[in-house]
Amino acid sequence: MLLEMKNVAVNYGKINAIRNISVAVPEGKIVTIIGGNGAGKTTTLRAMSGMLPITAGEITFEGNRIDHLPAHKVVANGIAHVPEGRRIFPDMTVEENLRTGAFLRKDREAIEADLEDVCERFPRLRERRTQMARTMSGGEQQMLAIGRALMSKPRLLLMDEPSMGLAPVIVEEIARIVEEINANGLSVVLVEQNAELALELADYAYVLETGNAAMEGPADELHGNEHVRAAYLGL
């Protein structure tokens, strides 16, 4: 198993944000975490990437404990995080933003090759390479956030609400990008408010409710589950 969370808890002060969460991410698969607002989806992702300390349980990546590592060490181990709200550097150019993704790397020639690959994958980033990131549209900024994460050369990509606030046509393009990235061998953990989209993209799914894992299973099976369809798909 590429990444495993076992009985993980995270607190915000005295408040239990998540309790006894267990998630397994197989190599080469897309795993999605869905649930309502405040269910603990973003907290779970931040625990995976070292942005939040856990108060119980353990997290392993390629068989090694990573829950004690700071976030930059987690990145160095091969996990990249595309955060909710994109969090690009607005007053830096597109290229400067992309290069920050490779900050921990020392392989200069490979960095240049990967920069070219990202620009090939996202033609609009090539077109706007010298443009300030804040002047880009929401969809372009999301592509930039994904491209920046790919520049760290990850084995696992964590994506938090990549479709949030985007027009339907751009959401379709982001979905295509996620499928393409995964088809090239990159494992993905996808947190999505858009449960329909998430279950269509994913191989396996977890449903969180108020900080607890309510159910899990193959994504196509959960898509047909009556509770999931009523609570999250509006059917």
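Colleague: Which residues does Asp67 touch, leaving out those up to four places away in sequence?

Modeller: Bear in mind that this is a predicted model. With those sequence neighbours left out, Asp67 touches Ile54, Glu58 and Ile59. Asp67 itself sits in the loop between strand 5 (64-65) and helix 2 (71-77).

Colleague: What polar partners does the Asp67 side chain have?

Modeller: One is the backbone nitrogen of Ile59, reached at 2.8 Å. Another is the side chain of Arg65, joined to that of Asp67 by a polar contact of 2.6 Å.

Colleague: Does Asp67 count as buried or exposed, and why?

Modeller: Buried means under 20% relative accessible area. Asp67 has 19%, so it counts as buried.

Colleague: On to the sheet. In what order do the six strands run?

Modeller: The general idea is that strands of a sheet pair through backbone hydrogen bonds, either parallel or antiparallel. Here the order is 6-7-8-3-9-10, in an open sheet with mixed pairing. Strand 6 (79-82) and strand 10 (212-218) are the edges, each pairing on one side only. Strand 3 (residues 30-35) and strand 8 (residues 187-191) pair in the parallel sense over four bridges, and Val31 has Val189 as its bridge partner in strand 8.

Colleague: Which strands does helix 6 touch?

Modeller: Helix 6 (residues 138-150) packs on the sheet against strand 6 and strand 7 (156-160), and its direction makes about 170° with that of strand 6.

Colleague: And how many residues of helix 1 are buried?

Modeller: Seven of the eight in helix 1 (residues 41-48), including Lys41, Leu45 and Met48. Just after that helix, Gly50 takes a positive phi of about 80°.

Terms used. Residues are numbered from 1 along each chain as its sequence is written. This is a predicted model: local features need pLDDT of at least 70, side-chain atom pairs count only at pLDDT 80 or more; totals for chains, interfaces and linings use all residues. Side-chain values use heavy atoms; hydrogens and water are left out. Two strands pair if DSSP finds at least two bridges between them. Helices (H or I, at least four residues) and strands (E, at least two) are DSSP runs, numbered from the N terminus. Contact means heavy atoms within 4.5 Å. Axes are lines fitted to C-alpha atoms, for helices over the stretch in contact, and angles run from 0 to 180 degrees between N-to-C directions. Buried means under 20% relative accessible area, exposed over 50%, partly exposed in between (1.4 Å probe, protein chains only). A polar contact is a pair of N or O atoms within 3.5 Å; within protein, one must be able to donate a hydrogen and the other to accept it, and residues adjacent in sequence count only if both atoms are side-chain atoms.
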